[in-house]
Amino acid sequence: MAGAAEEERKFKEMFRILDTRIIGYISCEALQGVLSPMKNEVGLKEEEIKEMIFEEIDKNKDQRITFNEFLKFMTTEDEEEKPEEAT
(Lines give C-alpha, C1' and ligand atoms only; values in the text may rest on other atoms or scores of the structure.)
Protein backbone atom coordinates (compact mmCIF):
# COMPACT_ATOMS: atom_id res chain seq x y z
CA MET A 1 0.00 0.00 0.00
CA ALA A 2 2.88 2.37 0.74
CA GLY A 3 4.02 1.86 -2.86
CA ALA A 4 0.73 3.20 -4.22
CA ALA A 5 0.91 6.27 -1.97
CA GLU A 6 4.48 6.95 -3.08
CA GLU A 7 3.48 6.55 -6.73
CA GLU A 8 0.60 8.99 -6.29
CA ARG A 9 2.92 11.49 -4.60
CA LYS A 10 5.31 11.33 -7.57
CA PHE A 11 2.47 11.86 -10.04
CA LYS A 12 1.23 14.78 -7.94
CA GLU A 13 4.68 16.38 -8.20
CA MET A 14 4.66 15.80 -11.96
CA PHE A 15 1.20 17.35 -12.22
CA ARG A 16 2.34 20.41 -10.26
CA ILE A 17 5.20 20.91 -12.71
CA LEU A 18 2.76 20.83 -15.63
CA ASP A 19 0.24 23.07 -13.82
CA THR A 20 2.45 26.11 -14.39
CA ARG A 21 -0.30 28.61 -13.53
CA ILE A 22 -1.13 26.72 -10.30
CA ILE A 23 -4.84 26.62 -11.07
CA GLY A 24 -5.53 22.96 -10.30
CA TYR A 25 -5.70 21.68 -13.84
CA ILE A 26 -3.66 21.43 -17.01
CA SER A 27 -5.25 22.71 -20.19
CA CYS A 28 -5.32 20.23 -23.04
CA GLU A 29 -3.48 22.80 -25.13
CA ALA A 30 -0.70 23.10 -22.55
CA LEU A 31 -0.27 19.34 -22.33
CA GLN A 32 -0.16 19.10 -26.09
CA GLY A 33 2.55 21.77 -26.07
CA VAL A 34 4.61 19.66 -23.66
CA LEU A 35 4.11 16.39 -25.53
CA SER A 36 4.48 17.63 -29.12
CA PRO A 37 8.25 18.24 -28.99
CA MET A 38 8.66 14.66 -27.74
CA LYS A 39 6.55 13.05 -30.46
CA ASN A 40 9.52 11.54 -32.28
CA GLU A 41 10.96 10.08 -29.08
CA VAL A 42 7.68 8.41 -28.14
CA GLY A 43 6.83 7.43 -31.70
CA LEU A 44 3.58 9.39 -32.00
CA LYS A 45 2.23 11.69 -34.70
CA GLU A 46 0.69 15.07 -33.83
CA GLU A 47 -2.80 13.69 -34.53
CA GLU A 48 -2.17 10.74 -32.20
CA ILE A 49 -1.10 13.10 -29.41
CA LYS A 50 -4.29 15.13 -29.82
CA GLU A 51 -6.40 11.97 -29.83
CA MET A 52 -4.66 10.65 -26.73
CA ILE A 53 -5.27 13.90 -24.86
CA PHE A 54 -8.85 14.47 -25.95
CA GLU A 55 -10.04 10.85 -25.93
CA GLU A 56 -7.97 9.06 -23.30
CA ILE A 57 -7.06 11.72 -20.74
CA ASP A 58 -9.74 14.45 -20.76
CA LYS A 59 -12.62 12.08 -20.03
CA ASN A 60 -15.23 14.77 -19.32
CA LYS A 61 -14.23 16.79 -22.42
CA ASP A 62 -13.95 20.12 -20.60
CA GLN A 63 -10.53 20.94 -22.11
CA ARG A 64 -9.02 20.73 -18.60
CA ILE A 65 -7.07 17.81 -17.22
CA THR A 66 -7.56 17.46 -13.50
CA PHE A 67 -5.19 15.59 -11.26
CA ASN A 68 -7.64 12.68 -11.06
CA GLU A 69 -7.79 12.40 -14.87
CA PHE A 70 -4.01 12.66 -15.06
CA LEU A 71 -3.50 10.06 -12.34
CA LYS A 72 -5.95 7.62 -13.88
CA PHE A 73 -4.25 7.92 -17.26
CA MET A 74 -0.77 7.52 -15.79
CA THR A 75 -1.67 4.48 -13.68
CA THR A 76 -3.99 2.59 -16.05
CA GLU A 77 -2.35 -0.23 -17.93
CA ASP A 78 -2.71 -0.27 -21.69
CA GLU A 79 -5.10 -3.10 -22.57
CA GLU A 80 -3.06 -3.91 -25.68
CA GLU A 81 0.10 -4.47 -23.64
CA LYS A 82 -1.39 -6.99 -21.20
CA PRO A 83 -1.18 -10.05 -23.51
CA GLU A 84 2.46 -9.28 -24.32
CA GLU A 85 3.36 -9.20 -20.63
CA ALA A 86 1.79 -12.63 -20.14
CA THR A 87 4.01 -14.27 -22.77
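Guide: We'll go through confidence, layout, core and helix packing in turn.

Visitor: What kind of model is this?

Guide: It is a predicted model. The chain averages a pLDDT of 87. At least 70 is the score for 86% of the residues.

Visitor: Which element has the lowest mean pLDDT, and which the highest?

Guide: Helix α6, residues 82–86, has the lowest, at 48. Strand β2, residues 64–66, has the highest, at 97. Over residues 81–87 the pLDDT is below 50. That stretch has 2 contacts in the model beyond near neighbours in sequence.

Visitor: OK, layout. How many helices and strands?

Guide: The chain has 6 helices and 2 strands. From the N terminus, the order is α-β-α-α-α-β-α-α.

Visitor: And what share of the residues is buried?

Guide: Of the 87 residues, 23% count as buried.

Visitor: How many residues are in the largest nonpolar core?

Guide: It has 14 residues. Those with the most contacts inside it are Leu 31, Leu 35, Ile 53, Ile 57, Ile 65, Phe 67 and Phe 70.

Visitor: Pick Ile 65. What is it in contact with, leaving aside neighbours within four places in sequence?

Guide: Ile 65 is in contact with Phe 15, Tyr 25, Ile 26, Cys 28, Leu 31, Ile 53, Ile 57, Asp 58 and Phe 70.

Visitor: Now packing. How do the axes of α2 and α4 cross?

Guide: They come within 10 Å and cross at roughly 140°. Over 145 would count as roughly antiparallel, so α2 and α4 are oblique to each other. α2 passes α4 in a right-handed crossing.

Visitor: Which residues make that contact?

Guide: From α2, Cys 28, Leu 31, Gln 32 and Leu 35. From α4, Glu 46, Ile 49, Lys 50, Met 52, Ile 53, Phe 54 and Ile 57.

Visitor: Last one. Is Lys 72 buried or exposed?

Guide: Lys 72 has a relative accessible area of 55%, so it is exposed. Lys 72 lies in helix α5.

Visitor: How far is Lys 72 from Ile 57?

Guide: They are 15 residues apart in sequence and 8.1 Å apart in space, C-alpha to C-alpha.

Note on methods. Residues are numbered from 1 along each chain as its sequence is written. This is a predicted model: local features need pLDDT of at least 70, side-chain atom pairs count only at pLDDT 80 or more; totals for chains, interfaces and linings use all residues. Side-chain values use heavy atoms; hydrogens and water are left out. A nonpolar core is a set of buried Ala, Val, Leu, Ile, Met, Phe, Trp, Tyr and Cys residues joined through side-chain atoms within 4.5 Å. Buried means under 20% relative accessible area, exposed over 50%, partly exposed in between (1.4 Å probe, protein chains only). Contact means heavy atoms within 4.5 Å. pLDDT is the predictor's confidence in each residue, from 0 to 100. Helices (H or I, at least four residues) and strands (E, at least two) are DSSP runs, numbered from the N terminus. Axes are lines fitted to C-alpha atoms, for helices over the stretch in contact, and angles run from 0 to 180 degrees between N-to-C directions. Angles under 35 degrees count as roughly parallel, over 145 as roughly antiparallel, 65 to 115 as roughly perpendicular and the rest as oblique. A crossing is left-handed if the near helix is turned anticlockwise from the far one by less than a right angle, and right-handed if clockwise.
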